[in-house]
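Student: Could you take me through one part of this model up close, and then show me what else is worth a look?

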Amino acid sequence: MSKKIALAAALLAFMSGTAFAKSTLTLYTSQPTEDAQMTVSAFEQAHPDVEVKWIRDGTAKLIARMQAEISAGGTSPDVLLIADSVSMESLKQQNLLAAYKSPQASRYDAQLYDKDGYYYGTKLITTGIAYHSKAPVKPESWQDLLKPELKNMTTLPSPLYSGAAQIHMATLMNDPQLGWQYYEKLKENGAMPQSGNGGVMSAITSGSKAYGVLVDYMAIREKAKGAPIEFVFPKEGVSIVTEPVAMMKGAKNPEGAKAFIDFVLSADGQKLVLKQGYLTADASLPVPQGFPARDTIKLMPYDPAKALADTEANKKRFADLFGNR
């Protein structure tokens, strides 16, 4: 090898190790593994100077892990992408999040993000009514589940186990036409809780229950596979889980975290959400296959701070009414 070639090779190796070195971004996410990989890959393609190291687990487990790491004096992730705004509100109140006013926020309904910039919803996972395709009544309203002819036919996820069910319960509590009395009437009409949304879907598709309170995408995807299940967005509205994103206080790569937040809220990031089969937070985009027109889906108002404050009381009331299911 000539001296010139050797010098060029040495220079290239030096540049690869220094000038072209990537920064590292640590992400904790509760997205399904396939969705998380798609999100990370798309972000890295848009930001080739950033390498994402990510850990996937349930929201509660991720938060417990993170808090243990912080208590032990270890490192925490740069950015979180987890299931719900109540969990984010809790982290905000513990002073564990960093505010960032994303320029993308102006494109979104104010209900979908924290006004101080601590977290931003990235999608809409709604809770509505699922029912067996051979069920005797096609429901259109939450009140339909209280009809005498539907007695002992309904199931619902328990807020003692499901974050989405907790948010759904908190949302209904603020509706004067529903509220706590709605759960009491469900109980009187024989409604039976399952541990989570998966149990509700199994009960409906197996035919052991004709109706259930369920998140939208599970029913719609299962129907597309040929399962005997239908889904309706009740006329009073639906509760929402927004899968928010946030930057951690003390993030080692704050610029990378800001770039990640901007990406998932950007047009490209929202198109990825649509590709994954969810309702996008960006109301200008179409709906996934199997969903009705967006203007027919009414979102019920929801206050994450109030929901957080009421969580334990709501769970106790539910357990007193239905038992620890």
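Tutor: Helices here are DSSP runs of H or I with at least four residues, numbered from the N terminus. The side chains of that pair, Arg65 and Glu69, join in a salt bridge at 3.1 Å, N to O; the term asks for a side-chain nitrogen of Lys or Arg within 4 Å of a carboxyl oxygen of Asp or Glu. Searching the whole structure turns up 13 salt bridges.

Before going on, some ground rules: this is a predicted model, where local features need pLDDT of at least 70 and side-chain atom pairs count only at pLDDT 80 or more, while totals for chains, interfaces and linings use all residues. Residues are numbered from 1 along each chain as its sequence is written, and side-chain values use heavy atoms, with hydrogens and water left out.

Now for Tyr217, which lies in helix α8 (residues 216–224). An unreviewed UniProt entry annotates Tyr217 as "binding site"; such positions are given in the numbering used here, feature names are shortened, and annotations may be inferred rather than shown by experiment. Setting aside neighbours within four places in sequence, Tyr217 is in contact (heavy atoms within 4.5 Å) with Ile125, Gly277, Tyr278 and Phe291.

Definitions and conventions:
Helix = DSSP H or I, 4+ residues; strand = E, 2+ residues; numbered from the N terminus.
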